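Here is a guided walk through one protein model. Keep the sequence and the 3D view open as you read.

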Amino acid sequence: MSLKEDYLLAIDHGTQSIRAGVFDLRGNPVTIARRTIEPYFSAQPGWAEQNPDYFWEELCQVCQELWQTCPVPPEAIRGMALTTQRGTVVNVDREGKPLRPAIIWLDQRLARGVTPVKGTWGVLFKTLRLERDITRVQAEAEANWIRLNQPDIWTRTHKFLLLSGYLTYRLTGRFVDSVASQVGYLPFDVKRANWAGPRDWRWQAIPLDRDCLPELVQPGEMLGQITPQAAQATGIRVGLPVIAAASDKACEVLGSGGLEPQIGCLSFGTTATLNTTHSKYLEVIPMLPPYPGPVPGTFNPEVDVKRGYWMVSWFKREFALHERQVAASRGIEAEELFDELVNCVPPGSMGLTLQPYWMPGFKVLGPEAKGAIIGFGEIHTRSHLYRAILEGLAYALREGKERTEKRSGVKITELRVSGGGARSEAALQLTADIFGLPVARLHTTETSILGAAVAAAVGLKLHPDFKSAVKEMTRLGPGPVFTPNPSAQATYDQLYKRVYLEMYQKLQPLYLEIQKITGYPDRV
């Protein structure tokens with residue numbers, strides 16, 4: 001079949017939305033459907049859970065909506081790939097039915113009473129003064145919390161899956177997942193790209209039974225085929241091959257063509273991240289492994305700002321009634337009007353500076369870290385606040401860029417941006433100004449589902465390898481490349497070095513006092 005006759009289906013089940021798209025072999029989106037989802041519910045402060053059946057039902061619904069507008073006949077779609085939010089876990093029984101709500105990656109609960117790692121590993125961690133870090137890893141592991149607090153559910157758990165593995169099971173009937181989707185607190189060895197060896201300390205820290213975990217395959221390999229039940233629910237053709245892709249952030253890197261270490265891939269999503277791709281194992285933060293790369297044999301060192309562009313949704317809900325009303329009357333999204341808020345405020349937001357630590361951090365930041373905004377004056381408006389949010393996120397990502405460069409010895413020379421926030425030209429311009437680097441968008445903002453489509457194309461041999469597929473299916477533009485404005489860059493450079501970088505150290509004692517007084521965030 002010719003290039004014009006072959007198409008690929010890709011699905012991205014994110015935190016705030018789920019998207020499905022059909023792509024041709026040049027990476028052009030033919031049709032894309034999108035549904036906003038309810039990310040989670042909270043039974044207690046700091047908890048974040050959602051019903052796994054809800055995730056599956058939304059996937060089915062977005063597929064059905066896709067077919068209503070898709071001009072491509074089903075037989076022309078050669079295969080599909082799935083990417084999902086990272087670190088969300090699902091317990092299922094032998095029939096694959098969920099035993100409890102999924103614990104979402106945003107969840108902040110801690111497991112109490114975990115058994116410390118013993119033996120040679122325990123002595124080593126004590127010698128290296130890593131006991132506190134390992135205890136924190138154990139406390140944050142969802143498996144440990146369920147095992148200790150819901151032992152009846154743990155006893156009945158046949159498989160402990162990430163969301164990617166659960167949805168793959170619903171599509172194919174097989175307990176299998178991609179190597180490049182394995183993140184979160186699991187006994188996974190990133191260096192080996194497989195479950196940890198039998199003597200690895202992770203099996204003590206998170207005492208899972210190996211049989212509870214799914215089979216793993218590399219990106220670009222076959223996961224299975226669409227079952228008749230899944231076909232009836234989704235409208236996807238029975239028997240369609242399902243190819244392993246990677247987690248959503250890794251797929252964004254792939255869809256951005258960022259396979260060289262000098263390319264920084266920014267994701268302006270619910271978690272704001274900066275990823276680079278390396279062929280060698282690299283810990284940007286010591287003892288914090290990189291993520292598996294979307295191409296076998298690669299690694300994605302990452303720095304992140306949890307609840308990153310979630311702040312835009314928060315601002316929209318709390319401060320943007322006018323924009324929401326105007327947008328509703330025009331039939332557009334309110335975020336399309338937010339650039340006007342940014343552009344009416346000078347670079348630096350008249351000194352209003354934001355530190356975006358809305359969730360407790362790990363390793364570099366203490367778990368007591370909180371968000372902060374300083375510099376308020378009577379001149380400040382909600383426009384200043386909105387611009388300060390975007391600037392604070394860019395400052396945090398620049399700090400991560402500098403840490404990555406120091407650890408890797410490789411200078412990042414260009415930035416490519418993905419995610420919902422990439423639609424904002426004002427956000428891209430201030431990012432270029434703060435980093436002092438050119439910032440570019442891709443030919444589509446849907447880089448996560450494009451990355452999944454790239455993996456599908458490789459797995460189906462429609463492109464011979466990942467390098468060829470990326471060359472054919474990803475490209476910059478067609479919009480402008482945003483270059484730094486010298487005046488704005490000079491302002492930002494001073495604020496970043498003299499104000500932003502000083503904030504955490506100076507405010508940390510107050511964060512610790514808040515933690516002591518209120519008990520939040522929880523301690524190990």
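In helix α3, D133, I134, R136, V137, Q138, A139 and E140 are buried. Buried means under 20% relative accessible area, exposed means over 50%, and partly exposed lies in between, with a 1.4 Å probe and protein chains only. Helix α3 spans residues 131-140 and is mostly covered, with seven of its 10 residues buried. Those buried residues pack against α2, α4 (142-149) and α7 (202-205). Contact here means heavy atoms within 4.5 Å. Helices (H or I, at least four residues) and strands (E, at least two) are DSSP runs, numbered from the N terminus.

The model is predicted: local features need pLDDT of at least 70, side-chain atom pairs count only at pLDDT 80 or more, and totals for chains, interfaces and linings use all residues. Residues are numbered from 1 along each chain as its sequence is written, and side-chain values use heavy atoms, with hydrogens and water left out.

Now turn to strand β1, residues 7-13. Seven of its seven residues are buried. Y7, L9, I11 and H13 point one way from β1, while L8, A10 and D12 point the other way. Strand β1 has two partners to look at. It runs parallel to strand β5 (residues 77-84), joined by seven bridges. With strand β2 (residues 17-24) it pairs in the antiparallel sense, also over seven bridges. Two strands pair if DSSP finds at least two bridges between them. D12 stands opposite T83 in β5 and opposite R19 in β2. A hairpin of three residues joins β1 to β2.

Next come the aromatic rings. Rings of Phe, Tyr and Trp (its six-membered ring) pair if their centres lie within 6.5 Å; planes under 30 degrees apart count as stacked, over 60 as edge-to-face and the rest as tilted. The count by this rule is 20 aromatic pairs. In one of them, the rings of F188 and W195 have centres 5.9 Å apart and planes at 85 degrees, so this pair is edge-to-face. F188 is buried at 7% relative accessible area, and W195 is buried at 3%.

The pair of F315 and Y386 is tilted, with 4.9 Å centre to centre and 45 degrees between the planes. F315 lies in helix α10 (residues 310-319) and Y386 in helix α13 (residues 382-408), so the pair ties together parts that are 71 residues apart in sequence. F315 is buried at 0% relative accessibility, and Y386 is buried at 5%. Ring pairs link W314, F315, F319, F338 and Y386 into a cluster.
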